[in-house]
Amino acid sequence: MKKAHLTRKLSEIQAFESPRVELEQYQTPPQLAADIVYTCYMQGNREVIDLGTGTGIIAVGAALMGMNVTAVEVDRKALQTARENAESLDVDIDFVEKDVSNYSPEKVFDAVLMNPPFNVQSDEGLLFWRKALEIGDSVYGLAGKGFKPRLKRLCSELNHRIAVCEAYTIGLPSSYDFHTESVKDTPVDLYVTESKK
Ligand SMILES: C[S@@+](CC[C@H](N)C(=O)[O-])C[C@H]1O[C@@H](n2cnc3c(N)ncnc32)[C@H](O)[C@@H]1O
């Protein structure tokens, strides 16, 4: 599937019905989700996992490209939306309702894809990265600006290296009141890490 077609398909994804601020529930824009998934596919990854899948935009994109996808999410309501999105775009995904901190997969994954909570001062932000670097040969993950030194330290602890750091800007709702149009342009980085093994 061409990237432009993938982006169009991902534009059909149903958004969070009532986003929960404490879980940083905002959706990755379709074009960025398509970029992440397409790059991951072109680099030969086939068995992938999306941590904190939310409405499933990254997981559905990966499945549309033909990858085998597992998707983990703690919030039941979001997971229900993700299931509906997978159904309406006609893809199969192994959905797991679980807190990432309690998740220990039985499979090995070529790649972890994720747009995790950005609050790297909290345990939550680091928790996702730690888990991702433990379970994936590669990680394709978004992070807020200034995360690189922390990620470098985590990578050296967990035997990964940062292969790519690419800057994007995403429009995030300035509040979680989705009835307003106010969106704040927020700079983010897409990191790709590779295991040194
Ligand atoms: C920034 S949103 C990204 C959602 C989606 N992956 C996307 O790209 O649009 C982060 C997601 O992580 C989920 N989440 C937050 N903490 C979690 C945890 N401890 N375990 C599993 N999921 C979690 C949130 O509910 C939310 O859906």
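**Figure 1. Strand S2 and its burial in the predicted model.** In this predicted model, strand S2, which spans residues 68-73, is mostly covered, with five of its six residues classed as buried. The path of the chain from S1 to S2 leads through H3, and the β-α-β crossover made in this way is right-handed.

**Figure 2. Pairing of strand S2 with strands S1 and S3.** Strand S1, made up of residues 47-51, pairs with S2 in the parallel sense, and five bridges join the two; on this side, Glu-47 has Asn-68 of S2 as its bridge partner. S2 also pairs in the parallel sense with strand S3, residues 94-97, here over four bridges, and Glu-73 is found opposite Glu-97 in S3. Between S2 and S3 the chain passes through helix H4, residues 76-88, in a β-α-β crossover that is right-handed.

Figure 3. Seven of the nine residues of strand S5, which covers residues 136-144, are buried, so that the strand counts as mostly covered by the burial cut-off of 20 or more other C-beta atoms within 10 Å. S5 pairs in the parallel sense with strand S4, residues 109-114, over five bridges, and the bridge partner of Phe-109 in S5 is Gly-136. With strand S7, residues 183-195, the pairing of S5 is antiparallel and runs over seven bridges; in this pairing, Val-139 has Thr-193 of S7 as its bridge partner.

Figure 4. The shell around the ligand holds 24 residues, of which Thr-28, Gly-52, Gly-54, Val-74 and Asn-115 come nearest. By residue class, this shell divides into ten nonpolar, nine polar and five charged members. Helix H3, residues 57-64, and strand S2 each supply at least two residues of the shell, and S2 is the strand described above as having five of six residues buried.

**Figure 5. The largest nonpolar core and the contacts of Ala-63.** The largest nonpolar core contains 53 residues, and within it Val-37, Ala-62, Ala-63 and Leu-113 touch the most other members. For Ala-63, once neighbours within four places in sequence are left aside, the residues in contact are Val-69, Ala-86, Val-91, Asp-92 and Ile-93.

Terms used:
Residues numbered from 1 in each chain as written. Predicted model: local features only at pLDDT ≥ 70, side-chain atom pairs only at ≥ 80, totals over all residues. Core = buried A, V, L, I, M, F, W, Y, C linked by C-beta atoms within 7 Å. Buried ≥ 20, exposed ≤ 12 C-beta atoms within 10 Å, placed from the backbone. Contact = placed C-beta atoms within 7 Å. Near = placed C-beta within 6 Å. Nonpolar A, V, L, I, M, F, W, Y, C, P; charged D, E, K, R; others polar. Pairing = 2+ DSSP bridges. Right-handed = clockwise from strand over helix to strand, strands pointing away.
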